[in-house]
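Colleague: I'm new to reading models like this one. Could you walk me through it, feature by feature?
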Protein chains: 2
Amino acid sequence: MEDNINCAYCNNKVCFINQHCSVNWMNIISEAKNQLWYKKGQYIFREGDRIFGLYFIERGKVKIISTGLNNKEQIVRLAVTGHVIGHRGENHETYPIGAVALEDTQLCFLDNDIVYEAFMNNPNLTFSLMMFYSSELRKTEIRERHLAQMSIREKIADTLLYLKEIFGMNSTDGSLNAVLSRQEIAEIAGTSVEQVIRELTDFENEKLIIKQGRKIILFDVDGLVRIVAPHNKNRYSSAWPRPNRNGFLGKQ
Amino acid sequence: MEDNINCAYCNNKVCFINQHCSVNWMNIISEAKNQLWYKKGQYIFREGDRIFGLYFIERGKVKIISTGLNNKEQIVRLAVTGHVIGHRGENHETYPIGAVALEDTQLCFLDNDIVYEAFMNNPNLTFSLMMFYSSELRKTEIRERHLAQMSIREKIADTLLYLKEIFGMNSTDGSLNAVLSRQEIAEIAGTSVEQVIRELTDFENEKLIIKQGRKIILFDVDGLVRIVAPHNKNRYSSAWPRPNRNGFLGKQ
DNA sequence: GTAAGAATCTGTTTTTTCGCAGGAAAAGGC
DNA sequence: GCCTTTTCCTGCGAAAAAACAGATTCTTAC
């Protein structure tokens with residue numbers, strides 16, 4: 001017997017279930033769900049596994065990976081609290097991607113059958129999840145496509161901004177709320193470790209960031225945005241060309 | 001007054017509306033929809049336009065584009081009969097991508113308000129569209145991510161296979177059911193026209209394809225798959241390493 | 001605290017890709 | 001059909017990125 005928290009008392013208020021299900025269905029789901037805990041570095045599922053339902057991230061950070069040539073890991077997407085992983089496919093489909101916890105992470109697993117019933121009985125749940133996927137699709141399409149045309153310098157600046165968007169910045173010192181290795185940054189940017197290291201050094205010399213071991217402080221966000229901006233006017237329009245509010249001025 | 005075809009008598013049976021709406025709702029939608037015709041090369045919407053609803057492709061081919069650096073067009077996605085374009089966003093959102101007809105194309109436009117009502121009253125419609133987006137998202141993520149790590153040669157082989165997947169092959173001569181310029185192929189592969197031209201010449205010399213002007217015959221599909229395979233074992237597993245049924249043998 | 005191992009950094013070489021220039025071929029308009 | 005315009009093709013030099021090798025620093029286990 002699982003010792004499930006009832007969704008009604010769950011702290012995660014950005015959860016799709018919590019936001020879009022009737023009280024009645026929240027009770028059904030509370031009974032049916034499997035609450036899972038993963039330690040940092042642990043696999044949630046592996047490439048090729050069959051997935052039997054949806055995982056809702058209750059609290060934590062997850063990387064979605066896919067292995068390319070030479071068994072080289074590539075980070076396909078990052079997911080945080082409130083996101084859904086394990087897109088529901090047909091039952092016979094296997095899933096060519098894996099998911100790994102980037103820090104201690106808590107998930108709620110829902111079986112496909114229950115999920116389906118929940119969808120049929122909670123139109124707003126289905127609708128909001130559809131909007132989520134639609135929005136993610138649009139963002140992914142544009143982001144990845146532009147990535148294909150960018151120089152290394154632009155790719156890495158873009159990756160730092162992506163990390164800021166997903167994980168956020170510490171409001172005290174301006175550091176990214178995520179600790180990734182240089183290797184992982186390379187796997188997101190789609191380049192080699194050496195290039196990431198070189199470019200981060202350049203960014204530091206240009207007073208755009210400050211390196212403190214693996215911790216990265218985004219010292220001049222607008223400066224980074226300017227590097228990527230020609231490719232992403234629409235994505236970053238709210239932040240550009242607005243003057244830097246901190247008074248910091250990046251290298252032109 | 002529009003002279004709308006009633007959905008019940010529409011020839012496009014892969015349409016989401018036709019497959020997943022009640023008869024009652026099909027009538028409502030038949031009244032509400034706007035049927036639109038676009039000539040080859042015509043814009044359906046432009047980058048930055050506000051989109052007020054969904055476009056269902058009744059018949060035709062469409063490219064979704066996004067402008068990057070130097071006003072260089074990039075093809076973000078291709079869509080054909082049965083697909084949906086103009087992902088519904090919030091009303092205030094503008095849409096940083098454009099859509100252009102690749103051949104004479106017929107669309108059904110549905111206003112956001114009607115679409116929303118249809119979603120709330122046809123759970124299977126919402127569900128199937130959610131699955132569509134979810135599946136597109138997964139495919140896009142993996143495809144684009146692998147593209148980032150591929151060599152030019154691999155990118156272009158992958159693009160040819162993508163075109164085959166979307167548009168299909170003529171069963172008589174094995175040519176792609178789509179006529180794209182070298183420029184457009186470059187915009188899909190994420191490289192320059194020159195590289196596309198060079199690589200297509202190489203592929204022809206290696207007896208993988210046959211060029212006939214803009215028409216491209218995929219002479220040895222398995223050979224192309226082998227070029228990309230290390231990156232895409234899962235995507236192409238059904239076609240690889242199955243022996244070539246035509247008896248053609250590509251260069252090893 | 002120490003030592004082993006892993007990750008990070010830097011200089012150099014090699015490979016790949018880009019992009020111009022100019023000629024050939026094809027597509028489209030009349 | 002013919003002519004104009006666009007697209008396609010090829011070679012070459014420049015630039016960018018990747019790959020390698022070795023030194024240094026940081027982690028982590030004991």
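Colleague: How many helices and strands are there in chain A?

Modeller: Helices (H or I, at least four residues) and strands (E, at least two) are DSSP runs, numbered from the N terminus. Chain A has 8 helices and 10 strands. Before we go on, some ground rules: this is a predicted model, where local features need pLDDT of at least 70, side-chain atom pairs count only at pLDDT 80 or more, and totals for chains, interfaces and linings use all residues. Residues are numbered from 1 along each chain as its sequence is written, chains are lettered from A and ligands numbered from 1 in the order in which they are written, and side-chain values use heavy atoms, with hydrogens and water left out.

Colleague: What share of the residues in chain A is buried?

Modeller: Buried means under 20% relative accessible area, exposed means over 50%, and partly exposed is in between (1.4 Å probe, protein chains only). In chain A, 57% of the 252 residues are buried. Helix α4(A) is mostly covered, with 21 of its 27 residues buried.

Colleague: Now strands. Which strands pair with β4(A), and in what sense?

Modeller: Two strands pair if DSSP finds at least two bridges between them. β4(A) pairs with strand β5 (residues 73-80) of chain A in the antiparallel sense, over 7 bridges. Look for Ser66(A), which stands opposite Gln74(A) in β5(A). β4(A) also pairs with strand β7 (residues 98-101) of chain A, again antiparallel, over 4 bridges. There, Lys63(A) is opposite Val100(A).

Colleague: Why is β4 of chain A called largely enclosed?

Modeller: Because 6 of the 7 residues of this strand (residues 61-67) are buried, it is largely enclosed by the rest of the structure.

Colleague: Let's zoom in on one residue. Which side chain does the side chain of Asn27(A) make a polar contact with?

Modeller: A polar contact is a pair of N or O atoms within 3.5 Å; within protein, one must be able to donate a hydrogen and the other to accept it, and residues adjacent in sequence count only if both atoms are side-chain atoms. The partner of Asn27(A) is the side chain of Asn6(A), at 3.2 Å. Asn27(A) sits in helix α2 (residues 23-32) of chain A and is partly exposed, at 35% relative accessible area.

Colleague: And the DNA? Which residues are closest to DNA strand D?

Modeller: A residue is near a strand if one of its heavy atoms lies within 4 Å of it. DNA strand D is surrounded by 15 residues, the closest being Ile152(A), Thr191(A), Gln195(A), Arg198(A) and Arg182(B). Helix α7(B) supplies the largest share of that surface, 4 residues. Bases take part too: a base nitrogen is 3.1 Å from an N or O atom in the side chain of Arg198(A).

Colleague: How many residues surround DNA strand C?

Modeller: There are 14, and Arg182(A) and Arg198(B) are among the closest. Sugar and phosphate account for 63% of the atoms of DNA strand C within 4 Å of the protein. For instance, a phosphate oxygen is 2.8 Å from an N or O atom in the side chain of Arg182(A). Here α7(A) gives the most to the surface, with 4 residues.
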